[in-house]
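Dear colleague,

I am handing over the structure below, and my notes on what was found in it follow. Please read them with the model open beside you.

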Amino acid sequence: MISQYNLEKPEGVHKLSCLITKRIRLEGFIVFDYYHLYPKFLEFILPYTREGKIVYVENTVEGLESGPAALIGLITGRNVGKQVVVARE
């Protein structure tokens with residue numbers, strides 16, 4: 001909000017100051033708030049993964065020179081799942 005205060009036409013989310021004047025509570029979700037539950041999650045999910053009932057997709061490219069294209073693919077939705085760039089000497 002502060003960075004947009006003096007702009008004629010604020011960018012991004014508009015009227016955030018209304019949150020303050022109307023005393024609205026805005027709370028985000030941060031994964032680290034629930035990190036203590038991670039071991040319990042693994043205990044629950046790993047059997048399903050091992051049985052093939054849950055699958056995950058990794059899109060892997062080789063070499064740092066492929067990194068920029070991989071990032072663009074990530075942003076444009078070209079890949080599905082996790083994007084991995086393998087860097088080797």
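Is Glu51 buried or exposed? Glu51 is exposed, with a relative accessible area of 52%, where buried means under 20% relative accessible area, exposed over 50% and partly exposed in between, for a 1.4 Å probe and protein chains only.

Please keep in mind that this is a predicted model, in which local features need pLDDT of at least 70 and side-chain atom pairs count only at pLDDT 80 or more, while totals for chains, interfaces and linings use all residues. Residues are numbered from 1 along each chain as its sequence is written, and side-chain values use heavy atoms, with hydrogens and water left out.

The side chain of Glu51 meets that of Lys53 in a salt bridge (3.2 Å, N to O), a term that requires a side-chain nitrogen of Lys or Arg within 4 Å of a carboxyl oxygen of Asp or Glu. Lys53 is likewise exposed, at 60%. By this rule there are four salt bridges, including one between Glu27 and Arg25 at 2.5 Å; Glu27 is exposed at 59% relative accessibility, and Arg25 is exposed at 68%.

Another joins Lys82 to Glu58, with the closest N and O atoms 3.8 Å apart. Lys82 lies in strand β2 and Glu58 in strand β1 (residues 58-62), so the pair ties together parts that are 24 residues apart in sequence; strands are DSSP runs (E, at least two residues), numbered from the N terminus.

Strand β2 (residues 82-86) also holds Gln83, which is buried, with a relative accessible area of 19%.

Best regards

Technical notes
Helices (H or I, at least four residues) and strands (E, at least two) are DSSP runs, numbered from the N terminus.
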